[in-house]
Amino acid sequence: MTYLIEQLINGICQGAIYALFAIGYTIIVGVVGLVSFTFGEVIMIGAFAALFTATLTGGSILLTILFSFAASGLIGIVIHKICYEKFFESARYIPLICTIGMSMLIKNTVQILFGSETKAMPEVIPLGGIQIGNYRITYVQCTVMVVVTVLCILLSIFLNKTKQGVILRAVSQDRKAAAMVGIDVSGATLMGNVLGCGIGGVAGMLYALYYGSLSASMGGMATMKAFSSSVLGGLVDIQASAIGGLLIGILENYGIALFSSSLRDMIAFVFLIIVLIFFPKGLRIKIGRKAK
């Protein structure tokens, strides 16, 4: 029983990172209106930014978070300018193909500059943990949970209490109607893409911190986890997408505990298939939100 509860704790912590993947991905898809294949590389850039920031600053967690957000946000600007800005009125497959090419470009550039081998993440958070009865929560897990919780609170305040947040929500709901009332749709999509990419960068930093390693090829599976989680929210519902990330993290850990560690990545695919069969338009229909 103790072992299963420990796996639940691990699953919640890991799922929190996946939830952040899903939140960033959902913001991008909701505002841009297109599935993006660059998000995994955005996560990878955030992880590498964390690596270099932690190395140069001696392990400042706050600076690591800020630089990860900034680096991935800058990549988000480049992606928007190249892949989206000129193609909003074009056939949908054109920006989709652009994101595939951009994904390959970013990944190969990082491999050329920094190598393709796996790199160790410096110990930004001290070893040890908090003992609660028979259960132990590491400082890294505590950090992950605190950072994810704070980011979610800040994002909720931004989207619901600020003018820019209301603009993002309006554009995600109906781009044409938003343009008709005078909203700068292109500027809003740029802001949403930067915000989603920045959140993805922080998630990449937490992922590298949690597992203690990172590589230029880490983006592929990260994209799959983000997409699988987001499908639960119909790719546009942030809350349901975050729940999807938590569920995948918990299911992965129980799958490893009860069966085999080789099932870790397969669980995300199984989750995706089940959601598409039973909730093809996302969970938001079931919780009272109107689906498109």
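Helix 2 (residues 39-57) has 19 residues, and its first and last C-alpha atoms lie 27 Å apart, close to the 27 Å expected at 1.5 Å a residue. The model is predicted. Helix 2 is mostly covered, with 15 of its 19 residues buried.

**End of helix 2**

**Helix 5: length and burial**
- Helix 5 has 23 residues and should span 33 Å at 1.5 Å a residue; the end C-alpha atoms are 32 Å apart, which agrees.
- The buried residues in helix 5 include Val140, Gln141, Thr143, Val144, Val147, Val148, Leu155 and Leu159.
- The cover over the buried residues of helix 5 includes helix 1 (2-32), helix 3 (61-84) and strand 3 (135-138).
- Helix 6, helix 8 (185-211) and helix 10 (238-258) are also among the elements that cover these residues.

**Helix 5 against helix 6**
- The axes of helix 5 (residues 139-161) and helix 6 (residues 163-173) come within 5 Å and cross at roughly 80°.
- Angles of 65 to 115 degrees count as roughly perpendicular, so helix 5 is roughly perpendicular to helix 6.
- On the helix 5 side, the contact involves Phe158, Leu159, Asn160 and Lys161.
- On the helix 6 side, Lys163, Gln164, Gly165, Val166, Leu168 and Arg169 take part.
- The residues of this contact between helix 5 and helix 6 divide into 4 nonpolar, 3 polar and 3 charged.
- Leu159 belongs to this contact and is also one of the buried residues of helix 5.

**Salt bridges**
- The structure holds 3 salt bridges.
- Lys81 and Glu85 form a salt bridge through their side chains, at 3.1 Å from N to O. Lys81 is partly exposed, with a relative accessible area of 40%, and Glu85 is partly exposed at 24%.
- The side chains of Glu117 and Lys119 form another salt bridge, at 3.4 Å from N to O. Glu117 is partly exposed, with a relative accessible area of 45%, whereas Lys119 is buried at 17%.
- Lys225 and Glu252 form a salt bridge in which the closest N and O atoms are 2.9 Å apart. Lys225 lies in helix 9 (residues 219-231) and Glu252 in helix 10, so the pair ties together parts that are 27 residues apart in sequence.
- Lys225 counts as buried at 2% relative accessibility, and Glu252 counts as buried at 0%.

Methods
Residues are numbered from 1 along each chain as its sequence is written. This is a predicted model: local features need pLDDT of at least 70, side-chain atom pairs count only at pLDDT 80 or more; totals for chains, interfaces and linings use all residues. Side-chain values use heavy atoms; hydrogens and water are left out. Axes are lines fitted to C-alpha atoms, for helices over the stretch in contact, and angles run from 0 to 180 degrees between N-to-C directions. Helices (H or I, at least four residues) and strands (E, at least two) are DSSP runs, numbered from the N terminus. Angles under 35 degrees count as roughly parallel, over 145 as roughly antiparallel, 65 to 115 as roughly perpendicular and the rest as oblique. Contact means heavy atoms within 4.5 Å. Ala, Val, Leu, Ile, Met, Phe, Trp, Tyr, Cys and Pro count as nonpolar, Asp, Glu, Lys and Arg as charged, and the others, Gly among them, as polar. The expected span of a helix is 1.5 Å times one less than its number of residues. Buried means under 20% relative accessible area, exposed over 50%, partly exposed in between (1.4 Å probe, protein chains only). A salt bridge is a side-chain nitrogen of Lys or Arg within 4 Å of a carboxyl oxygen of Asp or Glu.
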